[in-house]
Amino acid sequence: MSCALVTGGSRGIGNKVVRELIKSNAWILSTSASPTTIIFLSKNESSVTRAMVDLIAFQAKLTNGVNARYSGSKTLRLIGVTMDMSEFSTKKTPTTVLEWSTGLSDAKKVTYPSWKELFTKANHQSHAPVPFPSVVVQSHGITQEKLTLGYKSPLEILNIVNTNFTSTVMMNNFLVKKWVSQNIKNRRHSDSVPATAIADKKIIINISSILGTQPDLNLPGTAIYSATKSALWKYSEVFKKELQKYQDWLTIACYSPCLVTDTDMVKNLSKNNTQAADVSPKDYMKNLLISKSDGAGAGAGIGGDSFQSKKDITDSPKYNEHFAHSKLETKTSDQVAKEIMDLIESAYKH
Ligand SMILES: NC(=O)c1ccc[n+]([C@@H]2O[C@H](COP(=O)([O-])OP(=O)(O)OC[C@H]3O[C@@H](n4cnc5c(N)ncnc54)[C@H](OP(=O)(O)O)[C@@H]3O)[C@@H](O)[C@H]2O)c1
């Protein structure tokens, strides 16, 4: 892999995935001598700027520390893109693009006319075009700010739908179309192209939520959000089927995290919805766990039949092997990011 894209990479789960990529796999999985590029995309400029500063500091600490898996000798290029995914279009101009690579003390602001041209045109400061990503984690998302009855305008609802669902579909279409055309071109010239280039793996991991994938988990105050996450899961399954003929090199995965307590999303959910819904997400989960363990499925694992453990995932038929949803439990964003990295590694090995 020479380039990874993480949407929602400024905060929460996405940011932890970016850190994991910097820490290990981006370096391990890369077979080429070219620099590794990690693009993180988020909505707000201030958020991208802050994340860039933190990530540069994080990388510096790794280089200075003793980390057997980390090869600091290889150039790392970090690109922070500010773009509102709720209005995603390949022709859209990213508000700000920050670029940093090994050796620079801080990031520089660069400009690209459109998202598409980020990958085809050198910017006006004569930087090389950004490599097209091979590994993509779509972690951007928003939750509800109030109880569902409080949504009075279709636009407010569409904002959640477009951010969580439509944008993911649009971005995936953009990526897969490009990959397929690249692959056809490579095969056409297969005599002159090394086998590794033809077999270069492409991986998309869409991030759903346990709130959208566990049938009996119905947290008050999340009806619209949960519906977008159910849609994302189902969409990913069918999309994977549509692209089955490319399965040798293309993995479409969907990961559905449990409640991740150290994220802004859960903190905001508690703040905005608890009072109105009369139950906090944490208490709701606790009550659900108690009622589950009282029921017939007690001892069989919380989440019952619908829970797929990691082992279940690898043992299940090929079609389902990259679809994973969590147990009813809470985790930290570090733990969840590591699970997402496991999915990436398993897609590489398959
Ligand atoms: N937290 C949980 O418990 C949990 C559980 C299950 C699933 N998930 C899912 O996991 C993903 C990450 O959640 P999180 O908890 O890490 O969220 P978070 O901490 O609230 O971070 C959300 C990220 O998405 C970005 N984002 C939001 N709206 C965007 C837009 N319109 N355009 C571009 N970027 C946008 C944010 O950018 P800014 O920083 O610029 O705002 C931020 O980087 C989401 O899809 C969420 O639904 C979360």
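Strand β8 is mostly covered, for seven of its seven residues are buried. A residue is called buried if 20 or more other C-beta atoms lie within 10 Å of its own, exposed if 12 or fewer do, and partly exposed in between, with C-beta atoms placed from the backbone. Strands here are DSSP runs of E with at least two residues, helices are runs of H or I with at least four, and both are numbered from the N terminus.

Before I continue, please note that this is a predicted model, in which local features need pLDDT of at least 70, side-chain atom pairs count only at pLDDT 80 or more, and totals for chains, interfaces and linings use all residues. Residues are numbered from 1 along each chain as its sequence is written.

Let me return to β8. On one side lie L250, I252, C254 and S256, on the other T251, A253 and Y255, and all are buried. Strand β7, residues 202-207, is also mostly covered, with six of its six residues buried.

How do β7 and β8 run where six bridges join them, parallel or antiparallel? They run parallel, and β8 spans residues 250-256. Two strands are said to pair if DSSP finds at least two bridges between them. Within this pairing, I203 stands opposite T251, and N206 stands opposite C254. Strand β7 is also joined to β6 by four bridges, again in parallel, and there V137 stands opposite I205.

I turn now to the antiparallel strands. Strand β3, residues 76-82, is linked by six bridges to β4, residues 96-101, and the two run antiparallel. Here G80 has L98 as its bridge partner in β4. β4 and β5 form a hairpin with six residues between them, and G103 in the turn has a positive phi of about 105°.

Beyond β5 we come to K121, which sits in the loop between β5 and β6, the latter being residues 135-138. K121 is partly exposed because 15 other C-beta atoms lie within 10 Å. Apart from its neighbours within four places in sequence, K121 is in contact with Y112 and P129; contact means that the C-beta atoms of two residues, placed from the backbone, lie within 7 Å.

Next, a helix. Helix α10 covers residues 333-349, 17 residues in number, and reaches 24 Å from its first C-alpha to its last, close to the 24 Å expected at 1.5 Å a residue. The expected span is 1.5 Å times one less than the number of residues. Its residues S333, V336, A337, I340, L343, I344 and A347 are buried. Seen down the axis of α10, the buried residues fall within an arc of 110°, so they line one face of the helix. The arc is that of the directions from the helix axis to the C-beta atoms.

What surrounds the ligand? There are 28 residues around the ligand, and the closest are G8, G12, S47, G141 and T263. A residue counts as near a molecule or strand if its C-beta atom, placed from the backbone, lies within 6 Å of it. The elements giving two or more residues to this shell are α1 (12-28), β9 (259-260) and α7 (264-277).

Finally, the whole chain has ten helices and eleven strands, and buried residues make up 37% of its 350 residues.
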